[in-house]
Amino acid sequence: MRAIPILIFLFILIGCKNEKKKVTLNQLITHYNKIEVPQSYSIDFTNTRFVPYQVYDYKNVDGLTANHIIEIDGKRKQAYNKRLTNVAGGFEFESITAVKDTTAIDYSLNKIWDGNFITSLDAKEEYNYLQKTGQRKLSVFEAKKLLETPKDSLIYVFDSKTLDAIITKNGKKDTLVYTFSTQPIQLKEIKNSAESRIFKNFKTYKGFSYASEYSYVKNKDTTTTPLKVKINSFKEIDKIDANKFSTPKGYTFEKPIVNKDKLSKIGKNTYIIRDFKRGRNVLFVVKNNVITVIGAPVSNTYSKEVIETIEKKFPKGKIKFVYVTHMHNDHIAGLQEYANKNATIIADAFTIEGIKDFDQFKETSNQFKFKTIKDREIFNGIQFHYPKNRHCKMQGFAYIIKDQLVYQGDFMQVSSNLTVPSILPEATKHFIERIYEDKLAVKTVIGQHQAGNEIPMTFLNKYYKKHQ
Ligand SMILES: [Zn+2]
């Protein structure tokens, strides 16, 4: 039994030792006060998002990356951002934002989606946004920001066992808990009720250290997207290279002409509903008062508006079918409204499985009616095609045979002014090749995401040919 007094003695000894290592709130404040984060800097970082309903296979979620280079000139209030965002299927959205004086421009480098169009932005707003985005990637900046807030709004606890300093800050909406390790002083976690941001792999730069990696981890079941961030480099700069602000050659500020009609007849029995607020198209085919809707995107609010438009135009018609191209969230989230109308959902087997497993439909999908279709199947004058592609395990397009129209979701994203992009994404390639292989007589392609512009087949031929 002699071991117990020895143990007590040891605990006291360790306790005293840790008492010496105690870090007070004032010491922490002084530590971060001394650190100066450069006013002008360049930061290169990669975000990796894990969104089950935006990847190839929702059951086997691979991350989608976005690489950013942000340069900030704090003296001259100039900013530059080059980013490459990957969307499944080989869609690499490569864009530039440049802010100088009162001008801010934004354009696509490879002309996917935005073509050769330059968007003007609010210079002040954009500068502040990029400046904050860059700084917030650094754990040291987050720590400085916290310790600059009035002391009496912070609750401070030093844990003598772990030697961690824990600061609680009660915000308007939520409580934030910051945990610092103190040997050496480093911010290791910021936690709120929904998620934790966990910092790791610290790097030292000009007398301070920052986490070169961090991840967001959910604390409860929320819609927050798990995200990983890796800081590839951070360095002080003198200024931003002047030619980064120049307007690119062959680009234009002139807005492309789009068809502003909300509802148009575009085939013998086919109509298009253009939604400019959400930048999306929905088609519907009417035959003997039976209505088939093609595309059910984004939200129930949106679907309600579409249904109202259809019912106003065809009061005697009945929406019996709705077709969805693939199970990504922005293409299925509006399905409930159609199910409420007792419409049958037309889709392939994989998409149907995805709809049944979708969080939003867990309670209701057992009442959904489905019609499973196979590749090249024809139903109500519409042929459904499923070319192989890396955007989604099963992605289809609808070919309205008599009207020589194709409706597609995420096979192709081109600009409204029909600029040929400098890359041909894998999904786009297989989409065009299927039209060729099956010798489909197509005149026009309607994209869900291309409100105001229907794409002539001649453009697809030109686009494909340029990349051979
Ligand atoms: Zn998609």
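## A pair of residues to start with

In strand S18, lysine 318 is the bridge partner of valine 290. Valine 290 belongs to a stretch where strand S17 (residues 290-294) and strand S18 (residues 318-323) run parallel, joined by 5 bridges. Strands here are DSSP runs of E with at least two residues, helices are runs of H or I with at least four, and both are numbered from the N terminus. Two strands count as paired if DSSP finds at least two bridges between them.

Before going on, note how to read the model. Residues are numbered from 1 along each chain as its sequence is written. The model is predicted, so local features need pLDDT of at least 70 and side-chain atom pairs count only at pLDDT 80 or more, while totals for chains, interfaces and linings use all residues.

## The whole chain

The chain has 10 helices and 26 strands. Its C-alpha atoms fill a box of roughly 90 × 65 × 40 Å along the principal axes. Of its 468 residues, 33% count as buried; a residue is buried if 20 or more other C-beta atoms lie within 10 Å of its own, exposed if 12 or fewer, and partly exposed in between, with C-beta atoms placed from the backbone.

## A sheet and the helix across it

Strands of a sheet pair through backbone hydrogen bonds, either parallel or antiparallel.

## Antiparallel neighbours

Strand S1 (residues 41-49) and strand S2 (residues 64-73) run antiparallel, joined by 9 bridges. Phenylalanine 45 stands opposite histidine 68 in S2.

S2 also pairs with strand S3 (residues 78-87) in the antiparallel sense, over 8 bridges. Here isoleucine 70 stands opposite asparagine 81 in S3. S2 and S3 form a hairpin with 4 residues between them, and lysine 77 in the turn has a positive phi of about 55°.

Helix H2 (residues 25-34) and helix H4 (residues 139-147) pack at about 125°, with their axes 9 Å apart. H2 and H4 are therefore oblique to each other: angles under 35 degrees count as roughly parallel, over 145 as roughly antiparallel, 65 to 115 as roughly perpendicular and the rest as oblique. Leu28, Ile29 and Tyr32 of H2 meet Ala143, Lys144 and Leu147 of H4 in this contact. Two residues are in contact if their C-beta atoms, placed from the backbone, lie within 7 Å.

In H4, the buried residues are Ser139, Val140, Glu142, Ala143, Lys144 and Leu147. Their cover includes H2, strand S10 (185-191), strand S11 (195-205) and strand S12 (208-218).

## A buried glycine

Leaving aside residues up to four places away in sequence, glycine 354 touches Tyr58 and Met327. Methionine 327 is 27 residues away along the chain, yet its C-alpha atom and that of glycine 354 are separated by 5.9 Å.

Methods:
Axes fitted to C-alpha atoms, helices over the stretch in contact; angles between N-to-C directions.
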